[in-house]
Amino acid sequence: MNLELAVPAAEEVDERSARGGLRMDEPAFRMFYGSTAKPLLGYLIRACGERDLAEDLWQESYCRFLTSEAPEMDDRQSRSYLFQIATNLLRDRWRRPREESPAEGVPEAASHEPPLDGRLAMRQAFQRLKPRERQLLWLAYVEGSNHKEIAECTGLRAGSIRLLLLRARRKLAELIGAGVRTGNPEVTK
Amino acid sequence: MMKAYCEQEPALVAAVRSGALNSELLGHAGICPVCSEVLLVSEFLRDDSASLDRELSNPHASVIWRKAQARAREKALARATLPIRIARTCAYALAILAAPWIVLEFSRQPSWLPALGFKHLAVIDGNWLAALTGTALVGVTVTFLGIALSSWYILRKE
């Protein structure tokens, strides 16, 4: 699916004009919103590690999605497109000078660190990964996206997703494993 | 060396996501190092996602809808006023380019000034075609071109 090169047909443009320039009508949007709002917000919170920023980007993602001129899509494509918009916004935010990702500077897990404690520790383990690794893992294992969809969403080459995902998964498994070794049962629940 | 990929991986991920992990897949994950790692990470993320899901409360869809409507109106307005903004920019550019010529021209008495008025009409002597100088022709052509382009822009079907 190449969303950037596709041009909307004349009939689509007429329908869009009737909807006030938005890509779907309100009942359809409510349904779409109901199925995507929490997963998208969860993805943004975990990927950027900052709730306020995630909420801003989340609202902006929906606005851009609704006003975008990309052609009509089915539900899965629309969902993938929405996540792609959110990922691009996140990347733009990180590229701004002196505004690096908040969790970028979090140090790697070290053997001398104190034992992980409960749910907070689970989250800390995830936040110790690089933002790109968090994105890949979340899209693959929470959203269930395939490699092609992850590539479209993140702008990476589809061929490199498998390797990047493998590395990120190993790293997270090690971090969780460190939680097991320190005797925290909740980490492996 | 641990292998990097297992054919059962997609099925395992789908099963964890749907909560339908059967004994066959569990048994496989017990002996396959890749799937064991995938299972550990998938369950970890599923639990995290579920706890996050319980914590989150989203604003009503209508809030986002109204915001998007306002954004769409802004976009439509920007598109509709594009010819005006282009014309204004061109006018500014022309004014800047013409300013030195106008200053130079008005600094001395123009040769056509004495010919103005009814006396000038007598000079034309019914020969209007001769009165259409090159400058006037350019002016008329540009005007009609401008009218044609702006009419096309406004009347075109989007």
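In helix α2 of chain A, residues A:Glu26, A:Phe29, A:Arg30 and A:Tyr33 meet B:Ala61, B:Ile64 and B:Trp65 of α4(B); two residues are in contact if their C-beta atoms, placed from the backbone, lie within 7 Å. The model is predicted: local features need pLDDT of at least 70, side-chain atom pairs count only at pLDDT 80 or more, and totals for chains, interfaces and linings use all residues. Residues are numbered from 1 along each chain as its sequence is written, while chains are lettered from A and ligands numbered from 1 in the order in which they are written.

**The helix pair α2(A) and α4(B)**

- The axes of α2(A), residues 26–48, and α4(B) come within 10 Å and cross at roughly 125°; axes are lines fitted to C-alpha atoms, for helices over the stretch in contact, with angles running from 0 to 180 degrees between N-to-C directions.
- α2(A) and α4(B) are therefore oblique to each other (under 35 degrees counts as roughly parallel, over 145 as roughly antiparallel, 65 to 115 as roughly perpendicular and the rest as oblique).

**The interface as a whole**

- Contacts between the chains involve 32 residues of chain B and 35 residues of chain A.
- On the side of chain B that touches chain A, α1 (9–18), α3 (33–55) and α4 (61–80) each supply at least two residues.
- α3(B) gives the largest share of that side, 14 residues.
- The side of chain B that touches chain A has 17 nonpolar, five polar and ten charged residues.

**Chain B**

- Chain B has eight helices and zero strands; helices (H or I, at least four residues) and strands (E, at least two) are DSSP runs, numbered from the N terminus.
- Among contacts in chain B between residues at least 6 apart in sequence, 55% join residues at least 24 apart.

**Confidence in chain A**

- The average pLDDT of chain A is 78, and 72% of the residues score at least 70; pLDDT is the predictor's confidence in each residue, from 0 to 100.
- Among the elements of chain A, helix α6 (residues 131–142) has the highest mean pLDDT (92) and helix α1 (residues 10–18) the lowest (66).
- Residues 1–5 of chain A stay under 50 in pLDDT, and the model has four contacts for them beyond four places in sequence.
- Residues 183–189 of chain A are also below 50 in pLDDT, with 18 contacts in the model beyond near neighbours in sequence.

Methods:
Nonpolar A, V, L, I, M, F, W, Y, C, P; charged D, E, K, R; others polar.
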